[in-house]
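These are my notebook entries on what I looked up in one protein structure. I kept them in the order in which I worked.

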Amino acid sequence: MNKRDFLKTSGAFVTAAMVPQLSSGQQQPALRENWAGNITYSTDAVGTPADLEEVRAMVKKCRELRALGSRHSFNRIADSTRNQISLSRLDQIEIDEKARTVNVGAGVRYGQLAPVIHAKGYALHNLASLPHISVAGAIATGTHGSGMHNGNLATAVRALEIVTADGDVVHLSREKDGDAFAGAVVGLGSVGIVTRVTLELHPTFQVAQMVYQNLSLDQLHHHFDEIFGAGYSVSLFTDWQKHQATQVWIKRRLATGDKNEWPAEFFGAKKAHENLHPITGHSAESCTEQMGVPGPWYERLPHFKMNFTPSSGRELQTEYFVPRDHGYDAILAVERVRDQISPHLFVTELRTIAADDLWMSMAYNRDSLAIHFTWKPEWDAVKQILPQIEAHLQHFGARPHWGKLFTMPPTSLQAQYARLADFKSLLKHYDPDRKFRNEFIDTNLYASS
Ligand SMILES: Cc1cc2nc3c(=O)[nH]c(=O)nc-3n(C[C@H](O)[C@H](O)[C@H](O)COP(=O)(O)OP(=O)(O)OC[C@H]3O[C@@H](n4cnc5c(N)ncnc54)[C@H](O)[C@@H]3O)c2cc1C
C-alpha cells in the first residue's frame with residue numbers, strides 16, 4: 001500500500017468513527033485529501049446530500065460549512081475545520097433546446113457533461129486542460145482554458161441556484177440580476193452552496209490540434225497576438241531553458257469544407273511527428289489526439305483524456321494572470337529567475353484568456369496572459385521561489401489563480417480586485433454570520449497585512 005492509499009484508508013476509518021451525526025452525508029474516505037495529495041482537509045465531517053432539500057437541511061444545521069468540488073485545487077480554498085459538503089450526488093443534466101442552455105447539478109464534471117451535450121449537437125465554448133473537474137468547483141475559482149477570444153469557463157454561466165446561509169434557495173441569472181450575478185459566479189465557495197448551474201450552449205464543432213517544437217521566445221516580441229491567435233486555443237509550454245517554448249499546442253476549429261493543412265514550420269518551430277506530452281519524457285498516452293486528426297471539441301480542447309491521470313499526477317501548481325498587452329515583458333521578467341525555477345519545475349504553460357465582467361475572476365476587466373507552473377512536489381523549495389516570481393510580476397499587477405499555490409501578501413492580492421468591496425458586501429448580504437468563510441478566505445480577502 002503506498003502512502004496515498006494508506007492515508008485514504010486511514011481517513012476512512014477516522015471518518016466512519018467520528019461523524020455519525022451527518023445522516024444525509026455518507027462519508028467518503030477518498031475525500032480527505034485533495035487530488036494532488038498536498039492538502040489533507042482539516043475535518044472528517046463530509047456530507048453528501050442527495051437532493052436540494054437535503055442540502056438545505058445540512059446548511060441550516062451547520063454553523064460552518066465549505067463546499068467541496070472534485071478536490072482539484074492545490075490550496076486550502078475548499079477546506080473547513082468543521083464541515084464540508086460534497087454535491088457529487090447532484091448529477092442531473094438537462095438540456096433546454098429552446099434556450100440553448102444546459103442545467104447541471106453541482107456535482108457534474110465536464111467529462112460527464114461534454115459527451116451528453118455533444119450527442120445532442122451542442123458544445124461549450126471552452127474547457128480547461130483536464131475534463132475531470134466539477135463545473136461548480138471550476139467556476140468558483142475562475143478556471144480557464146486558452147484562446148484570445150475565449151473567456152474563462154465561468155463566462156459560460158447563465159444562471160445559478162444557490163442555497164444561502166439560512167437555507168433559502170436563491171436564483172441568480174445574467175439576464176435579471178446584473179451585479180449580484182457578476183459577483184456570485186466566481187464566488188470562491190463563499191456566497192453559498194451552488195446546487196445547479198445553467199451554462200450557455202453552442203452548436204457542436206470539430207477541432208484539430210497540432211504541436212510544434214522549439215519556438216524562440218524572441219518571436220513573441222513582435223508576433224505575440226499572431227502566435228496566440230493562431231488557433232481557437234493556443235498553449236505554449238516552456239522549461240525556461242534556452243529562451244524557447246519547447247512546445248506550441250495549436251487547437252483549430254474546423255468548419256465543414258475547411259482545409260486541415262498545417263505548415264511544416266510555425267514561426268521557426270518545427271511540426272511534431274508524433275503525439276507529445278507537455279512534460280518532456282512523459283508518455284503521450286494520457287494526452288488528447290494531436291497530429292491534426294480532427295475530433296469533437298471535448299476530445300481536443302483539454303490536453304488530457306478523461307480516463308487517464310492528467311498532467312504528472314504528483315505535482316503542485318501555481319499560476320499568475322497579467323494584462324495580455326504586457327505579456328511578453330512579464331515572460332521576460334519571470335525568465336530572470338529561471339535558474340531558481342528550473343530545478344523544481346516540470347513545465348510552464350502560457351495561455352491567453354479574454355476579459356470578463358465577473359468581479360473575482362482573474363481576467364476581470366482585462367485580456368490576460370496566464371503564466372502557469374507545474375512544479376515537482378517539493379513545496380519547501382517551491383515556497384521559496386514563489387515570492388521571487390511574485391516580486392518580478394508585481395509591477396504587472398499579477399493576480400494568482402484562486403485554486404493554485406501562491407505566497408502573495410493579502411493586501412497586494414486585494415489591491416488587484418477593483419470590485420472586492422462589492423464582493424464583500426455580497427457575502428455580508430447572503431452570509432451575514434460567516435458560515436461559508438474559512439481561513440483561506442479570511443486571510444486572502446480580509447487580512448490587512
Ligand atoms: C491536473 C490539474 C490540471 C488543472 N488544469 C487547470 C486548467 O487548465 N485551468 C485552470 O484554470 N485550472 C486548472 N486546474 C485547477 C482547477 O481547475 C481548479 O482548482 C478548480 O477549482 C478545481 O475544481 P474542483 O471541482 O476540483 O473544486 P475544488 O478544488 O474541490 O473546490 C474549489 C472551490 O470551489 C468551491 N466549490 C466547489 N463546489 C462548490 C459548490 N457546489 N458551491 C459553492 N462552491 C463550490 C469550493 O468551496 C472551493 O472554494 C487544474 C488542476 C489540476 C489538479
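**Entry 1: a starting residue**

In which strand is the place of threonine 352? I found threonine 352 in strand β18, residues 345-353. I noted the rule for such names: helices (H or I, at least four residues) and strands (E, at least two) are DSSP runs, numbered from the N terminus.

Before going on, I recorded that this is a predicted model, in which local features need pLDDT of at least 70 and side-chain atom pairs count only at pLDDT 80 or more, while totals for chains, interfaces and linings use all residues. Residues are numbered from 1 along each chain as its sequence is written, and side-chain values use heavy atoms, with hydrogens and water left out.

Is threonine 352 buried or exposed? Threonine 352 counts as buried, because its relative accessibility is 0%. For this term I wrote down the cut-offs: buried means under 20% relative accessible area, exposed over 50%, and partly exposed in between (1.4 Å probe, protein chains only). I also looked up a distance: the C-alpha atoms of threonine 352 and glutamate 200 are separated by 21 Å, and the two residues are 152 apart along the chain.

**Entry 2: the ligand**

How many residues surround the ligand? I read a count of 39, with Ala67, Gly69, His72, Ser73 and Ser134 as the closest. A residue is near a molecule if one of its heavy atoms lies within 4 Å of it.

I then asked which elements supply this shell. β2 (66-68), α4 (135-140) and β9 (193-200) each give at least two residues, and α4 gives the largest share, four residues. By class, I listed 18 nonpolar, 16 polar and five charged residues in the shell. In this scheme Ala, Val, Leu, Ile, Met, Phe, Trp, Tyr, Cys and Pro count as nonpolar, Asp, Glu, Lys and Arg as charged, and the others, Gly among them, as polar.

Next I looked up polar contacts, that is, pairs of N or O atoms within 3.5 Å. An oxygen atom of the ligand lies 2.6 Å from an N or O atom in the side chain of serine 134. Another entry places an oxygen atom of the ligand 2.9 Å from a polar backbone atom of glycine 137. A nitrogen atom of the ligand is 2.8 Å from a polar backbone atom of histidine 144. On its own the ligand has 960 Å² of accessible area, and the protein covers 99% of it; such areas come from the Shrake-Rupley method with a 1.4 Å probe.

**Entry 3: aromatic rings**

I applied this rule: rings of Phe, Tyr and Trp (its six-membered ring) pair if their centres lie within 6.5 Å, and planes under 30 degrees apart count as stacked, over 60 as edge-to-face and the rest as tilted. The count comes to 13 aromatic pairs.

Why is the pair of phenylalanine 224 and phenylalanine 228 tilted? Their ring planes stand at 40 degrees, so the pair is tilted, with the centres 4.8 Å apart. Both residues belong to helix α6 (residues 218-228), and because they are four residues apart, about one helical turn separates them. I found both phenylalanine 224 and phenylalanine 228 buried.

Tryptophan 402 and tyrosine 417 also form a tilted pair, at 5.3 Å centre to centre and 40 degrees between the planes. Tryptophan 402 lies in the loop between β20 (399-400) and α10 (410-414), and tyrosine 417 in the loop between α10 and α11 (420-430). Tryptophan 402 is buried because its relative accessible area is 1%; tyrosine 417 is buried at 4%.

I noted that ring pairs link Phe205, Tyr232, Trp297 and Tyr298 into a cluster. A charge sits over a ring if NZ of Lys or CZ of Arg is within 6 Å of the ring centre and within 35 degrees of the ring normal. Arginine 253 lies over the face of tyrosine 232, at 5.2 Å from the ring centre, and arginine 399 lies over that of tyrosine 417, at 5.3 Å.

**Entry 4: positive phi**

Most residues other than glycine have a negative phi. I therefore looked up arginine 71, which is buried at 18% relative accessible area. Arginine 71 has a positive phi of about 70 degrees and lies in the loop between β2 and β3 (84-86). Methionine 291 has a phi near 55 degrees and lies in the loop between β15 (269-271) and β16 (295-296).

Note on methods. A polar contact is a pair of N or O atoms within 3.5 Å; within protein, one must be able to donate a hydrogen and the other to accept it, and residues adjacent in sequence count only if both atoms are side-chain atoms.
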